[in-house]
Every structure is written in C-alpha cells, then in structure tokens.
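Take a look at the structure below.

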Amino acid sequence: MQTQVLIIGAGVTGTGLARDLALRGLSVVVVEKRDVNAGASGGNHGLLHSGARYIASDPAAAAECHIENQRLKQLAPHCIENTGGLFVAVAGDDERYVADFPEMCRRCNIPVRQVDPKEAREMEPTLSDSLIAAYLVDDATVDPFKLSLDNMADARRHGAILRRHSRVTGFQMAQGRICRTAILDEVTGKSETIDADVVVNAAGAWAGVVAGLAGATIEMRYSKGSLLVTQSRLCERVVNRLRMPTDGDILVPGGTVSILGTTSVRVDSPDVIYPEVQEVDAIIDQGAAMIPQLAVTRYIRAYCGVRPLIGADDPQTSEDDDDRAVSRGFALIDHTREPGAPSNLITISGGKLTTYRLMAEKTADLVCSRLGVTAGCRTGVAALPDTVEARWTEPGLAPNVWLRQKAPDDMLLCECEMVSQSVVDEIVAGLQALDGRPHLKAIGLRSRIGKGPCQGTFCSQRLAAYLYDQGHLQGTDGLAQLRVFLRERWRGQQPLLWDMNLAQAELLEAMHCGLFGLELEKSP
Amino acid sequence: MNVSGKQPSCDLSCDLMIIGTGMAGMAAALFAARQGLDTIQVGLTGEIGFASGLIDLLGVHPVAQGAPVDDPWEGIARLCRDEPHHPYARLDIETIRTAVQTLLDFFETSGYPHAVSERGNQRVMTPVGTLKTTYAVPHTMQAGAWALARQAPCLLVDFEGLKGYSARQIAAGLADRWPALTPVRLVFPGGRGELYVEHMARALDAPAVRQQLVDALRPHLCGMAAVGLPAVLGMYRTREVQADLQSSLGLPVFEIPTMVPGVTGLRLRELFEQRLPAMGVRPLFQHRVLAARRSKDGGMAFTIAPEDAPRRIQARAAVLCTGRFFGKGLQADRGGIRETLFGLPVAQPKDRASWHHKDLLDVQGHPINRAGVEVDADFRPVDAQGRPVHDNLFAAGSILAHQDWIRQKCGSGLAIATAYGAVKSAARFLQKLYS
Ligand SMILES: Cc1cc2nc3c(=O)[nH]c(=O)nc-3n(C[C@H](O)[C@H](O)[C@H](O)COP(=O)(O)OP(=O)(O)OC[C@H]3O[C@@H](n4cnc5c(N)ncnc54)[C@H](O)[C@@H]3O)c2cc1C
Ligand SMILES: Cc1cc2nc3c(=O)[nH]c(=O)nc-3n(C[C@H](O)[C@H](O)[C@H](O)COP(=O)(O)OP(=O)(O)OC[C@H]3O[C@@H](n4cnc5c(N)ncnc54)[C@H](O)[C@@H]3O)c2cc1C
C-alpha cells in the first residue's frame with residue numbers, strides 16, 4: 001500500500017491529525033494496533049479543561065487549554081456538554097493558593113468568577129458543608145470516543161483509511177529515510193507493508209517504543225492515572241479541588257454518571273496497567289473531602305490511562321514520585337536533525353485531549369512543509385460533523401431512541417443501558433464498513449453495552465447469541481470473544497468489588513464460570 | 001435491634017430455625033422434616049431461582065490445573081486429602097452419599113426425578129457452546145447426555161424472541177466435539193415478540209400449546225436422532241410434557257440449560273415451596289430475618305420482617321444457610337467482610353487487594369471465594385481459637401469457608417451435604433437438651 005502520510009496510533013491525536021491532513025487534501029492511512037481510543041484517549045477524565053488547573057504548574061499550557069476549550073465548544077458542540085466548572089476549597093486547604101488563584105487565572109486569560117460557598121452549595125448540593133471558597137470557570141466535558149470516532153469518520157469521508165488491529169512492527173530504511181513500514185494484522189496474523197512519504201508517530205505513551213523501532217530516541221517516562229465511575233451523576237458541573245493538583249481532586253459529570261479522579265503513579269511500561277485497590281481508596285478518601293457522598297456511593301467501574309512524560313528525568317520530581325509537576329504541554333519532534341534517525345519521521349506525543357486539535361494542526365503544518373504542500377489548516381474553522389458511527393457511546397441516548405421508536409421485535413440486548421438489537425445492527429454495519437470484523441469488545445467500545453450495573457453479566461451472552469444468529473460469529477469465536485469481553489470488563493470492576501458490586505461479581509462468576517465453565521476453555 | 005421501633009407481635013417458637021431458602025436451606029428443611037424436628041424456615045426464595053438446577057458434587061480438582069473429575073466420589077476423597085479444611089472433609093463419603101440420595105429420592109417422589117450416570121459425572125451442553133460437568137440432571141436433560149455420548153445427529157431448536165439462547169451458537173461451539181448438530185429457529189406457539197422462559201414453560205404445561213410445537217418441529221426431523229430445546233419443557237408437568245413430545249415426535253427430546261434465572265431453578269423453588277410445608281416445615285417464605293440474638297434462657301431470638309409489622313421467633317437451635325454475597329449472608333465494605341446476622345468471625349484474606357485476581361479467569365480461583373464462616377466437626381461456627389461461638393448455632397452451604405464452589409463445581413453437593421451434617425448435629429443437640 002502507498003500513501004503520502006502514515007499515522008501510527010488512532011487516539012484523539014492520530015484521528016484528529018488524519019482529519020486535518022485529509023481536509024488539506026493529503027492521502028492518509030492510520031494504523032492502530034488495537035482499536036480507536038485504545039490508549040490514553042480511552043482512559044482519561046473527559047474534562048475539557050478551562051486551563052485553571054494548570055495556572056501554577058504550566059501557565060503556557062493553561063492559556064492554550066482555554067483557547068482550545070472555547071474553540072471546540074463552537075466546532076464540536078455535539079461532543080461536548082457545556083457544564084461549566086467549579087473550583088472549591090475546603091477547610092484546611094492552602095489559603096495562599098486560594099488567595100492567589102484569581103490573579104493567576106487572569107494572567108493566563110482564563111475567566112473566573114468568585115461565588116459564595118453558600119451559593120456554590122445551592123448550585124451543587126452534594127458539596128461539603130466545610131467549603132471555604134468557590135470559583136466558577138469555563139470547564140466542560142467531552143466524550144472522547146465520540147470525538148475520535150467523528151474525527152476518523154470525517155477523515156474517511158475525505159479519503160483517509162483506517163486499519164484497526166494493525167501493529168507497526170518495524171521500519172525498512174533507505175538513504176536515511178523510512179521507505180517501508182511493516183504492519184502485523186493482530187487478528188489474522190498476516191503481515192503487510194505500507195510505503196509512505198512521511199510517517200507520523202502518534203502512538204501516545206508508546207511513541208518512545210515506536211521511535212525506537214526506527215532508530216530514534218525519545219526520553220520518556222510513564223505516569224498512570226486511575227479514574228472511578230459512579231453509578232449516578234452527583235454533580236451538574238465539573239468540580240475541581242482548589243489547590244495544587246493531586247489525587248482524587250476532580251469530579252467530572254458524564255451523561256448519567258460522574259467520574260472521580262485521578263492518580264499519578266509511575267509505571268515501567270504503558271502495557272498491562274490496572275487500576276489498583278490502593279489507588280481507589282486514595283481517590284475516594286480525597287474526593288470525599290469535597291463531596292462527602294463519594295465515600296458511600298456505588299462505583300460501577302474503574303479504569304486507567306498512561307500519560308507519557310517526555311524529557312529527561314528530573315531527580316527532584318522523581319524523588320517524591322509526583323509527575324504532575326512535569327509539563328503536560330505537548331512534544332512535536334522532528335527527527336530530521338537527530339543523528340541516525342530517519343529524516344521522514346515526526347513524533348507528536350503528550351499534551352491533552354483538550355488541545356488535540358492544536359497538536360494536530362502544528363503536526364500537520366510540519367508534515368505539509370516537508371511535502372511542499374501549501375494548503376492551510378481548516379479544523380480551526382470547519383465544524384466537526386456529527387456522525388452516526390459515534391452516536392451510541394452517549395449514555396442515555398440508546399434508551400431515548402429505543403423508547404421513542406420502540407418496535408415490538410427490537411429487543412434490548414443490554415437492559416441496564418437499554419441498547420437494542422437495531423443499535424447493535426448499526427454499530428456492526430459501521431464496523432463492517434471499516435474492515436468487516438464485528439467483535440464483542442469493539443461493539444462494547446462503541447456502545448454502552450457492558451457499562452451498566454450488571455457489568456456484562458447478561459448482555460455479554462445476549463450479544464454473543466445475537467451475533468451468531470445474524471451470522472457475524474462462527475465456530476468458537478463467540479467463546480473466545482466472551483472471554484476477552486468479560487476479562488476486559490473485569491479489569492474495571494476488580495478494584496471496586498465490595499458491597500453490591502461484589503454480589504454482582506459473584507453472580508457473574510457463578511454463571512460464566514460455575515455454569516458455563518469459561519475459565520476451563522483453552523482459547524485466549 | 002428493633003428496626004422500626006414497633007413492638008414485635010405474634011410470637012412464634014420452634015425447636016429448629018432454618019435461615020435461608022437457597023439449596024442449603026431447602027435441603028436442611030427437608031432433612032429436619034425427615035428427622036421429625038419442629039422446624040420453621042425463613043428466607044427469600046429469589047436466589048434459588050438463579051441456581052441452574054444441576055446437581056454438581058465435584059467437577060474440577062485440583063482447581064489450579066482445571067482438571068475435570070470423572071468420578072465425583074473418588075474426586076471428593078482426593079479433595080478431602082488435599083484440602084483438609086474443605087467443608088466436605090467434615091463428612092465421610094457415606095454420609096455425603098446418603099445426603100445426596102435423600103434429596104434425589106425426594107425429587108423423585110415429588111414427580112421431578114433426576115438422572116445420574118453409573119459412570120459418575122455427566123456432561124451437559126450450555127448456551128455458550130461449552131460442556132459442563134455435573135452429577136445429577138433433571139430427567140428432562142437426560143437424553144442430551146445420551147445423545148452426546150453417541151454423537152447422535154440432533155436438532156437444536158431455539159425460538160425467535162428468546163434472548164441469550166442461540167442454537168447456532170451452541171452448535172458452532174461444539175462442532176469439533178459433536179459435528180452432527182443442526183440448529184433451527186422456530187416461532188414459539190402464540191406468536192412473536194420477546195419471550196421469557198418462565199412464561200414459555202408454563203405455556204407448555206398445556207397440551208394444546210405442545211401440539212403446536214410438535215407441528216412446528218415435524219418438518220425438521222428428517223435424519224435426526226434426538227431434539228434439544230431450551231429448558232422450557234413445563235413448569236409443573238415436566239414428565240407429561242416430555243413424554244408427550246417424545247411420543248408425538250417419535251424421538252428423544254431433551255432440555256439444555258438457559259441463562260439464569262432459568263426454569264430449572266424456578267422448578268426447584270416451586271417444588272420445595274409446595275412440598276416442604278406438607279412435610280411439616282413451617283414456612284415463612286419471603287420474610288427476612290432482621291436481627292438475631294441469644295435469649296436469656298440460652299435459646300435464640302429472631303426478629304423477622306416485614307419491618308412495619310415485625311415478628312419475633314424463639315428457637316432452641318438454628319441452622320444458618322444465608323449464602324455468600326449474592327445470597328446476603330456475607331457482606332463486604334472497603335475494609336473487610338462480615339457475617340450479616342450474628343456478626344460471626346469470617347476467615348478472609350488479609351486485605352482487599354488480595355480478594356480477587358487481576359484476571360477474572362485466573363486458574364487459581366479468587367481468594368475471596370474461599371473466605372467464609374469456619375465451623376467445627378459439628379458444623380458450629382467457631383471463633384479464632386476454634387471454639388464454637390454458640391452451642392446451638394450451626395451453618396451450612398456456600399457461607400462456609402475454605403471452598404470455592406464456583407471453580408470446584410460443587411455448589412449443590414456442598415449445600416446438600418453440609419446441610420445434612422448441620423441438621424444431624426442440631427438434632428443431636430436438641431435430643432440432649434430434651435433428655
Ligand atoms: C488518567 C488520565 C486522565 C486524563 N484526563 C484528561 C482530561 O480530563 N482532559 C484532557 O484534556 N486530557 C486528559 N488526559 C490526557 C489525554 O487523555 C491525552 O493527552 C490524549 O488522549 C492523548 O492522545 P494520543 O492520541 O496522543 O495518545 P493515545 O490515545 O494513547 O493513542 C496512541 C495510540 O497508539 C496506538 N499504538 C501504540 N503503539 C502502536 C503500534 N506499534 N502500532 C500501531 N498503533 C500503536 C495505541 O494503541 C493507541 O491507541 C488524561 C490522560 C490520562 C492518562
Ligand atoms: C448463577 C448460578 C448458577 C449456579 N449453577 C449451579 C450448578 O450448575 N450446579 C450446582 O450444583 N450449583 C449451582 N449453583 C449453586 C447452588 O445451587 C447454590 O445456590 C449454592 O451452592 C449456594 O447455596 P446456599 O443455599 O448456601 O446459598 P444461596 O443460594 O445464596 O441462598 C442463601 C439464602 O439465604 C437467604 N438469606 C440471606 N440472608 C437472610 C436473612 N437475613 N433473612 C432471611 N433469609 C436470608 C437468601 O434470601 C437466600 O435464600 C448456582 C448458583 C448460581 C447463583
């Protein structure tokens with residue numbers, strides 16, 4: 001296969017870049033070793049930062065966030081819930097930081113409005129009664145799945161190609177350039193190659209590994225962050241703790257749920273990461289200081305992502321293991337000047353979901369200058385189209401549609417989140433348009449299936465049975481996929497298993513292991 | 001503790017109180033009735049509907065090897081040697097045999113016989129296309145084991161509107177082990193739309209509905225040696241339903257378990273609910289025990305729901321069959337696991353981080369599944385020093401520590417056997433009390 005630009009990684013950066021380049025008329029192929037948003041883009045807080053969180057640690061990034069925040073609210077409103085945000089301090093918090101906060105925001109051009117703690121508690125009744133200060137900011141929430149899927153869909157409308165389950169395994173060099181990129185299809189085991197004029201490494205936390213395959217070096221460390229999803233929505237707005245960033249200090253609403261986070265734990269590798277019991281306890285204990293209900297509410301899922309921290313290790317920050325002090329700004333690396341590195345490799349890593357568009361724009365500018373293309377960036381003005389492909393990730397949407405158009409034979413496969421057969425049909429059709437391989441986990445990624453209180457106990461097998469009936473699964477595919485799907489769900493339940501969740505997990509294991517014997521099967 | 005503040009009314013008293021209506025509680029009530037004990041049974045009968053209705057004794061040992069057990073009796077003997085703290089090891093094989101046989105005889109005389117195989121464990125198809133190892137199966141499933149052993153050509157039927165059950169999926173999953181399976185999808189008599197197994201089973205209790213099913217099946221029988229259907233062949237008249245279908249079709253007909261809660265669990269619930277009172281057990285089904293304490297005379301005093309009209313029950317002795325987390329006999333918060341009624345000591349891993357493996361399907365089984373109430377040789381819950389907490393409190397079923405019924409595939413067997421042991425000890429205690 002031949003293309004002008006090959007993008008490695010289909011996170012928000014890779015998909016955003018694909019759209020940017022496709023809109024400029026370039027031919028683009030995106031290869032992703034797993035699926036869209038399999039990395040940090042699928043494991044983040046979904047907060048469209050106002051920037052106020054970074055005023056002290058990284059004022060430049062803070063200002064950038066605010067500009068992009070305003071822009072995305074204009075251009076991709078269907079991916080965003082414009083909730084607004086609060087910064088709150090409780091008794092015992094650093095009063096100097098509280099006092100300096102408005103001025104620091106002003107210096108970064110981030111608007112804030114002070115509100116009386118009593119007024120804040122009227123706006124958000126779950127807030128602690130020991131509030132001492134509160135400020136309103138421009139925070140909002142963003143659905144990262146919708147964002148990436150819509151970016152990719154629009155890129156594809158403009159000719160871009162997406163290859164999922166396609167891992168870059170190596171590069172062939174000629175005259176100091178990458179002439180050929182080797183791809184392994186993770187499902188079929190087949191290998192192929194792609195010839196590209198420019199290769200963009202948008203592999204997020206794996207950017208160092210990918211660069212290494214091409215003989216380039218990126219100094220990189222990894223910081224894992226974990227997040228908890230509550231069963232119901234506890235706040236209307238984003239609620240941040242008004243202090244230097246630390247554990248468990250942000251509660252972000254997301255449709256019908258709230259998401260509490262996060263942590264910062266140094267890990268050796270971005271692969272095989274889990275939210276841990278100790279992190280869960282730390283997040284809850286901290287979060288409960290702002291919102292006491294967090295100590296007793298039911299959590300339905302935990303997940304985590306890895307932040308790539310680019311640059312040499314700073315002994316001061318690594319000592320106390322707190323990587324939050326390291327800049328969250330992005331790194332755009334042109335490997336041309338690096339001895340021994342290929343001249344047509346560009347790396348874009350780090351940054352934030354909030355600034356993905358800007359990161360894509362800067363990267364695309366560099367790509368175009370290398371290719372002698374003069375077309376300018378359009379993503380700063382052209383609205384992001386709302387596509388069907390990404391529709392069903394929105395909590396509450398599937399039930400609304402189902403209730404509105406309830407046809408008697410359109411049965412619900414997922415009763416917790418009310419996802420019906422026709423919704424699954426649409427998702428399957430979308431997947432088939434990509435590469436024709438519907439998979440339980442891929443459908444889970446694109447819908448609310450498995451994300452409700454039953455955590456996949458019932459809907460997993462209902463979905464598998466339905467896919468067999470529709471001819472999408474053959475042989476022992478279903479068994480293998482059930483195992484993969486339930487294991488994936490388990491990663492997010494395992495640290496939250498007490499009280500009701502534990503009872504639910506016992507039922508899940510009783511049926512899937514006690515009765516079906518899934519643990520005894522030899523498949524993956 | 002009196003939750004509502006109202007005075008409990010309508011005092012009842014008995015010799016033996018059985019708390020719980022899962023397999024362990026039901027079996028305990030049966031054994032108590034057989035011993036002629038004056039028994040009250042309290043519990044919510046929701047959970048037993050979730051049980052598959054298959055009677056497992058031991059299907060896997062050792063768990064870490066995932067090694068299937070062919071002869072459960074030989075397997076239990078090995079298990080008791082390897083895991084001397086396993087609740088089975090509190091009993092000898094003959095006692096376990098007697099307990100299980102008593103229950104199977106009860107099923108038989110209740111019109112719902114179970115089939116066992118002379119060779120030991122049998123294999124049953126599941127909706128995901130695996131084969132499950134079990135000991136006794138409802139008679140409605142017997143022909144399935146027969147057909148499997150012969151690899152006989154079988155028609156596998158599913159119904160439009162029944163979610164989570166696909167004949168295609170079962171046939172595809174088993175194709176390498178049993179190629180002669182032909183799936184077919186039919187419309188259930190009475191029309192389209194979403195189907196529920198309980199309604200289907202009740203519908204098939206009626207001969208006219210069966211006749212329609214027979215008519216729908218007929219065109220698909222060519223070359224078939226047996227017909228497999230989801231487990232919906234009647235709620236109360238399973239023998240009649242099965243015999244009727246078999247004679248009309250001229251072929252053996254068998255059931256395959258569905259997802260839970262399934263009809264095979266509901267049948268057990270109905271059967272116990274109807275038969276136990278007739279045997280002298282005083283039932284307080286759909287009641288929850290709110291509080292339990294030792295009364296001054298050494299007996300047990302219980303307060304039972306409904307909360308707005310709580311009642312008090314006095315008992316000389318009690319058998320605790322309240323199950324685990326799903327049954328609500330155990331409860332966990334972030335800090336630890338407790339027993340919900342008596343606050344009994346619970347043997348458990350040292351902290352929450354070691355409750356579960358990171359992999360759901362880890363071959364070792366999750367350590368928390370072996371947490372539970374420890375008992376002495378008489379099935380009395382013990383404290384950290386191994387001394388009985390109460391001389392008149394006994395425990396049975398999945399609440400017991402040092403077993404993993406899910407991975408060992410011993411749920412019903414363990415419930416039945418330990419219920420037998422606990423009731424026997426309780427009877428002995430009561431006898432001494434009155435002598
Ligand atoms: C815990 C946490 C919370 C966060 N919260 C927020 C927030 O609230 N707001 C915000 O703005 N930002 C947030 N961020 C940051 C934001 O999530 C990231 O900046 C953003 O998702 C990065 O996207 P990406 O596409 O660069 O990387 P990724 O999403 O990680 O994408 C990289 C992709 O490359 C693929 N890949 C890797 N190796 C290969 C290979 N060899 N071949 C093919 N493909 C490969 C991976 O599978 C992956 O899909 C958070 C991050 C974390 C970790
Ligand atoms: C999905 C599933 C599949 C299964 N599959 C099989 C199988 O294939 N083969 C097999 O042999 N076994 C199977 N079983 C298990 C088996 O049937 C038993 O359910 C299990 O051994 C536990 O039995 P138990 O009676 O100890 O507890 P449970 O069945 O949990 O019963 C506990 C009972 O105690 C009651 N209770 C708790 N607290 C109170 C209170 N305060 N007051 C009053 N009542 C109370 C509950 O309401 C419940 O009735 C399965 C179980 C499940 C859930």
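How many residue pairs are in polar contact across the interface of chain B and chain A? The rule finds 26, both residues at pLDDT 80 or more. A polar contact is a pair of N or O atoms within 3.5 Å; within protein, one must be able to donate a hydrogen and the other to accept it, and residues adjacent in sequence count only if both atoms are side-chain atoms.

This is a predicted model: local features need pLDDT of at least 70, side-chain atom pairs count only at pLDDT 80 or more, and totals for chains, interfaces and linings use all residues. Residues are numbered from 1 along each chain as its sequence is written, chains are lettered from A in the order in which they are written, and side-chain values use heavy atoms, without hydrogens and water.

Start with the interface. Here 52 residues of chain B are in contact (heavy atoms within 4.5 Å) with 51 residues of chain A. There are 10 salt bridges between the two chains. Such a bridge is a side-chain nitrogen of Lys or Arg within 4 Å of a carboxyl oxygen of Asp or Glu. One joins Arg352(B) to Asp281(A), with the closest N and O atoms 3.0 Å apart.

Now turn to chain A. From α11(A), Gln421(A), Val424(A), Asp425(A) and Val428(A) make the contact. From α13(A) come Leu463(A), Tyr466(A) and Leu467(A).

Notes:
Helix = DSSP H or I, 4+ residues; strand = E, 2+ residues; numbered from the N terminus.
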